[in-house]
Amino acid sequence: MLNLIDQPRYKCALTAMQTVQAIPGALPILHSGPGCASKLNDNSGSGGHYAANVYPCTLMGEKEVVFGGIKKLRNTVENALKVMDAELFVILSGCTTEIIGDDIEEVAQEFAEQGKNVVWAKTPGFKGNNYQGHDWILSAIFEQYLTKLPPAPKIKGLVNIFAGVPQQDPFWLGNLREIERLVQSIGLTPNTIFGPGRSIENIKKLRQAEYTILVSTWAGSESAEYLEKEFSIPLLRYPVLPIGASETGKFLRKVGDFCQADKKLVEKVIEENERDFYYYLERFADTFLEINLLGKRFTVVSEAQYALAITKFLVNDMGSFPLTQFITDDTPKKYRKEIEAEFRNLNYGIEADVEWSIDGDEIHNKIKKFDFKGIPLILGSSWEKEIAKQIGGRYVNVSYPVISRLIINSSIAGYSGALRLLEDIYSSN
């Protein structure tokens, strides 16, 4: 029996076209119907080489469904190569083309044999969501493009960094840049492939790195593991996005040990950042302790990354108490035990219960029954705004969909990001 899902928090795998758009010099080519292309690409400002709404699509119709769409795909790719100023083209398949059996691999290989940088990735919605599609696309680029390049020497101190799914994570670019800054501050050289100032050259350098750091609960794991296996690049998968002094200090020490950074420098960086961080907290201590301004209990309704990271910050740094935390990204079951263990690994012996749910109505009905013992605090998507209003609580939009606020280059990672998150919490209505 089919169930209706109310208030979904993610889209189908084809939406991961935004991962390609976030790489300057890369261009997605969609082998799908026109409805898929127009409805999935609704987030602006990808930070890629093109505006988010400029991309080739085969616009599959009834004729292609009956007779096949390979000829149309071949023509679309050929014309894109002529008129689009890109260095890497990624063919992505939708549900219809997968169902009728169009072989996008064959078309991509034809152009690759001609010396064109064309790769392919199967991203039908019936196989997964855009968190998984993100991984499939990166794995395809690494396997089909990166492995074909001539050997290159390792670059001492170079560290690949991956964190957040472009566009799906509203803070993806701000967080990535902050993590870059943190890693650079302890004497390492970060290498990232997303956002302005990056290029296909950064992709080429991935195999020259000494280390790879993946800051993620699970998204991006398969592609990062591919780099480790294929190019013998040691991988550190750090499951908690560092927010605030407690977790950022742990992150810097872990990265420093893993990448053999100067320990004295690492401790110096942590000491200087914590000095500033606690200076600001002390200035507003009365505000944070004002019981009538905000209660001490909270819930997060979000993807695994933010549910865990925000819980760690509010408990470990701010002394708040977590109610049930709701994870809405349909996390694959093989990662859930590890994530649940992190929710039990909080300071002061505190543990947080976790519920895995993709149904907004079900989640909201449970939140209505919570005893917040004061003014409720809910952090989540725009879907949570109404439930916060109903129970007289405060609400902060931190995850997709983001309708209640504009996020341009903000970050909630690190020391400064944590202060910005506190501004949002204590300025919320």
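N316 is buried, with a relative accessible area of 7% (buried means under 20%, exposed over 50% and partly exposed in between, with a 1.4 Å probe and protein chains only). The structure is a predicted model, in which local features need pLDDT of at least 70, side-chain atom pairs count only at pLDDT 80 or more, and totals for chains, interfaces and linings use all residues. Residues are numbered from 1 along each chain as its sequence is written, and side-chain values use heavy atoms, with hydrogens and water left out.

N316 belongs to helix 14. Helices (H or I, at least four residues) and strands (E, at least two) are DSSP runs, numbered from the N terminus. Not counting residues up to four places away in sequence, N316 touches S246, E247, L346, N347 and Y348. Contact here means heavy atoms within 4.5 Å.

Helix 14 also packs against helix 15 (residues 333–344). Two packed helices are described by the angle between their axes and the distance between the axes. For helix 14 and helix 15 the angle is about 15°, and the axes are 10 Å apart. Axes are lines fitted to C-alpha atoms, for helices over the stretch in contact, and angles run from 0 to 180 degrees between N-to-C directions. The angle makes helix 14 roughly parallel to helix 15 (under 35 degrees counts as roughly parallel, over 145 as roughly antiparallel, 65 to 115 as roughly perpendicular and the rest as oblique). Helix 14 contributes A304, A307, L308, T311 and K312 to the contact, and helix 15 contributes I339, E342 and F343.

Aromatic pairs were counted next. Rings of Phe, Tyr and Trp (its six-membered ring) pair if their centres lie within 6.5 Å; planes under 30 degrees apart are stacked, over 60 edge-to-face and the rest tilted. The count comes to 12 aromatic pairs. One of them joins F171 and Y306 edge-to-face, at 6.1 Å centre to centre and 85° between the planes. F171 lies in the loop between strand 4 and helix 8, and Y306 in helix 14 (residues 304–316), so the pair ties together parts that are 135 residues apart in sequence. F171 is buried at 1% relative accessibility. Y306 is buried too, at 0%. Elsewhere, Y131, W218 and Y335 form one aromatic cluster.

Strands of a sheet pair through backbone hydrogen bonds, either parallel or antiparallel. Two strands are taken to pair if DSSP finds at least two bridges between them. In this model, 4 strands form an open sheet in the order 5-4-6-7, with parallel pairing. Strand 5 (189–191) and strand 7 (235–238) are the edge strands, and each pairs on one side only. Neighbouring strands are turned by 25° against each other on average, direction ignored. Strand 4 (residues 158–163) is joined to strand 5 by 3 bridges. Within these strands, V159 stands opposite P190 of strand 5.

Helices cover the sheet at several strands. Helix 8 (residues 172–185) packs on the sheet and touches strand 4, strand 5 and strand 6 (211–215). The direction of helix 8 makes about 150° with that of strand 4. Helix 10 (residues 221–231) lies across strand 4, strand 6 and strand 7, and runs at about 160° to strand 7.

T248 is located in helix 11 (residues 244–258). T248 is buried, at 0% relative accessibility. Its contacts, not counting residues up to four places away in sequence, are L182, P242, I243, G414 and Y415. T248 and F313 are 65 residues apart along the chain, and 9.7 Å separates their C-alpha atoms.

Most residues other than glycine have a negative phi, and most peptide bonds are trans. L59 is not a glycine, yet has a positive phi of about 50°. L59 sits in the loop between helix 2 (34–40) and helix 3 (62–67) and is partly exposed, with a relative accessible area of 46%. K373, also not a glycine, has a positive phi of about 55°. The loop that holds K373 runs between helix 16 (360–367) and strand 12 (377–380). K373 is exposed, at 55% relative accessibility. The peptide bond from Y400 to P401 is cis, with omega near 0°. P401 lies in the loop between strand 13 (394–397) and helix 18 (414–427).
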